[in-house]
Amino acid sequence: EVYDKMTDEMNIQETESFAELLEQTLKTLHTGEKVSGVITQINPTDIHVDLGVKQAGYIPTTELSDDPNYVIADNIHIGDEIEAYVMRVNDQEGTIMLSKKRLDAVKNWEVLEKAVESGEVYDCVITDVNKGGVIANVLGIRVFVPASQTGLPREADLSQLVKTRQKVRITEVTRPRRRVVGSIRSVSDEARRAAFAQVLRTAHDRRELPDGTVLDGGSVGDIEGNLFALHDVDGDGAEELILLWQNAAMAGQTEVVYGYGGETGQVVEELREFPGVIFYGGGAAEAPWSHNQNWANEFWPYTLYRHSPETDTYENMGSVDAWDKVLVSNGFPLDVDADGDGMVTDNWDFTHHQDPAGGEAYWYYEEPPVDGAEYLAWRDGVVGEAEALELSFMPLTAENIAQALDVPYEALVTTLTPDAAG
C-alpha cells in the first residue's frame, strides 16, 4: 500500500514536470518583450542565452552595450543570468535575437532622471565634439556638455577633451526628446571650492600656507583683518583664490594667487607678490614693489607678469622703474631721452649699481635705460588693451569662507590667541 502511494506521487510529479516543460517549449515570445535567461556560450560575435523555450536565444555583441569601453570578459560570464529585450523571433530558424543594451537604455534613462535630483557624478569618456559643446557617454546614453560647462576657457579647442575621462554631473533630462545635458565644470568647481576652503581654513586657523609658510599675525583680530577674493584672474575660465595677507608687518605682507589642478586635486600657487597686484584681462598682472627709490615722483616701480597656460603660473616678463631728470639730474642719460620729456625707464635684471644721487651702493638693474616709447611698446606687448579687473575682496572670517565657497566651515586645531577684548 505504501509502495503504491509513493508510486502515485512520483507519477503526479513527473506529470507536472512534463506539463511545465511542455508549456515552456510551447511558449511564444514576442518582439519587445522583456525576458531573462542564462548565458550558455560566449562567442566573438554573439552570446548564447537559454530562455527556457524551444527557440535558441542569442545576443549579438553589438547589442550588449553602447559604452565604447565595455569589455565582455569583465561584465558577463557563462552561467550568469541576463535580462534583455526580444528584438526578433525567427520560427523557421528557431532563434530569438535579443538586445541587452536596449533594455539597459530604458533603465538608464530612469537612472539619469533620478541623478538630476541626487546630483550623482559619473566617470565617463568624452566621445565627440558637437556644435557648442562635447558629447559624453554616460551609461550608454549620449550626454551633451555645453562649452560653458566643460571648464575650459571660452576660446579653447574643445577637441582636446575627446577620448579623455571626465567626471560629469547630469543637470537636465528630457526623455521625449532624448536629450540629456551634463556639466564637467560643476564637478570641478565643487572640488575647487573644497580645496580653496582648506587653504583659507589653514590660513585663518593656523596662520599657514599650503607650502608650510607661516604667516605673520597672532590674534583672531589680526587674522580676520586680512582679505580674500574669488575671481578668474588668469583667464582660464575658472575662478582662482586670491589671498591678501595685509594685516601684518611689511615684511610679512603678501598676496598669493591659487589655482586648482583638476588632475592632481591640489591647489597650485600661480603667483606670490607684495599686496596690491593689479590683474588685467588676458592673464596679465602688475605687481607694485614694496619700496620706491623716488627717482620719478609719482611713478611707482613694478613687476609685470603674464599667465602661462602651459605651466599654470605667472611668468615674470620684467620689472620697471623710472628716472626723472628734475628729481635726480646727476648722471641722467640724455642720449636715451629721445622725446626730451626728462623721463626714462629702467626695465632690467637685478645687479649692483651706484645711486646717482648720493653714490650709495644698492641692488639695481643691469640693462640700459630706455625712453618712454620703448617702455610703452614693451608694456603693450604684455597688457595690450586689456582693462584692469575689479575684484571683490572680503574679510577672512569663518562666516565669509563658508558663504563664499558654499561649504560648511570645519574649524582646524587653532594656534590663534584670542583678542585682548575677547
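The face of helix α7 that is turned away from its buried side carries the exposed residues Glu-399 and Gln-403. In this predicted model, the buried residues of α7 are Ala-398, Asn-400, Ile-401 and Leu-405. These four span an arc of only 165 degrees around the helix axis and therefore fall on the same side of α7. An α-helix has 3.6 residues a turn, so residues three or four places apart point the same way. The buried residues of α7 pack against helix α4 and strands β11 and β23. Helix α7, which comprises residues 398–405, lies across β11 and β23 and runs at about 5 degrees to β11. Just after α7, Asp-406 adopts a positive phi of about 55 degrees.

Strands β11 and β23 belong to an open sheet of 5 strands, in which the order is β14-β13-β12-β11-β23 and the pairing is antiparallel. The edges of this sheet are formed by β14 (266–273) and β23 (394–395), each of which pairs on one side only. Within the sheet, β11 (residues 227–231) and β12 (residues 240–245) are joined in the antiparallel sense over 5 bridges, and Ala-229 stands opposite Ile-242 in β12. Helix α4 (residues 185–206) lies across β11, β12, β13 (254–261) and β14, and runs at about 150 degrees to β13.

A further antiparallel pairing, over 5 bridges, links strand β16 (residues 284–288) with strand β17. Ala-284 has Arg-306 as its bridge partner in β17. Strand β17 (residues 302–308) is mostly covered, with 6 of its 7 residues buried. His-307 lies in this strand and is buried, as its relative accessible area is 10%. The side chain of His-307 makes a polar contact of 3.4 Å with that of Asp-234. Beyond its neighbours within four places in sequence, His-307 is in contact with Asp-234, Glu-270, Gly-283, Asp-312, Thr-313 and Tyr-314.

A search of the whole structure identified 13 salt bridges. In one of these, the side chains of Glu-190 and Arg-169 meet at 3.2 Å, N to O. Because Glu-190 lies in helix α4 and Arg-169 in strand β9 (residues 165–174), this pair ties together parts that are 21 residues apart in sequence. Glu-190 is partly exposed, at 41% relative accessibility, whereas Arg-169 is buried, with a relative accessible area of 14%. Helix α4 also contains Asp-189 and Arg-185, which are 4 residues apart, about one turn of the helix. Asp-189 and Arg-185 form a salt bridge in which the closest N and O atoms are 3.4 Å apart. Arg-185 is partly exposed, with a relative accessible area of 28%.

A salt bridge of 3.0 Å, N to O, connects the side chains of Glu-286 and Arg-379. Glu-286 is located in strand β16 and Arg-379 in helix α6 (residues 372–382), so the pair ties together parts that are 93 residues apart in sequence. Both partners fall under the 20% limit for buried residues: Glu-286 has a relative accessibility of 13% and Arg-379 one of 16%. Elsewhere, salt bridges that share partners join Lys-34, Glu-83 and Lys-107 into one network.

Technical notes: Residues are numbered from 1 along each chain as its sequence is written. This is a predicted model: local features need pLDDT of at least 70, side-chain atom pairs count only at pLDDT 80 or more; totals for chains, interfaces and linings use all residues. Side-chain values use heavy atoms; hydrogens and water are left out. Two strands pair if DSSP finds at least two bridges between them. Helices (H or I, at least four residues) and strands (E, at least two) are DSSP runs, numbered from the N terminus. Contact means heavy atoms within 4.5 Å. Axes are lines fitted to C-alpha atoms, for helices over the stretch in contact, and angles run from 0 to 180 degrees between N-to-C directions. Buried means under 20% relative accessible area, exposed over 50%, partly exposed in between (1.4 Å probe, protein chains only). A polar contact is a pair of N or O atoms within 3.5 Å; within protein, one must be able to donate a hydrogen and the other to accept it, and residues adjacent in sequence count only if both atoms are side-chain atoms. The arc is that of the directions from the helix axis to the C-beta atoms. A salt bridge is a side-chain nitrogen of Lys or Arg within 4 Å of a carboxyl oxygen of Asp or Glu.
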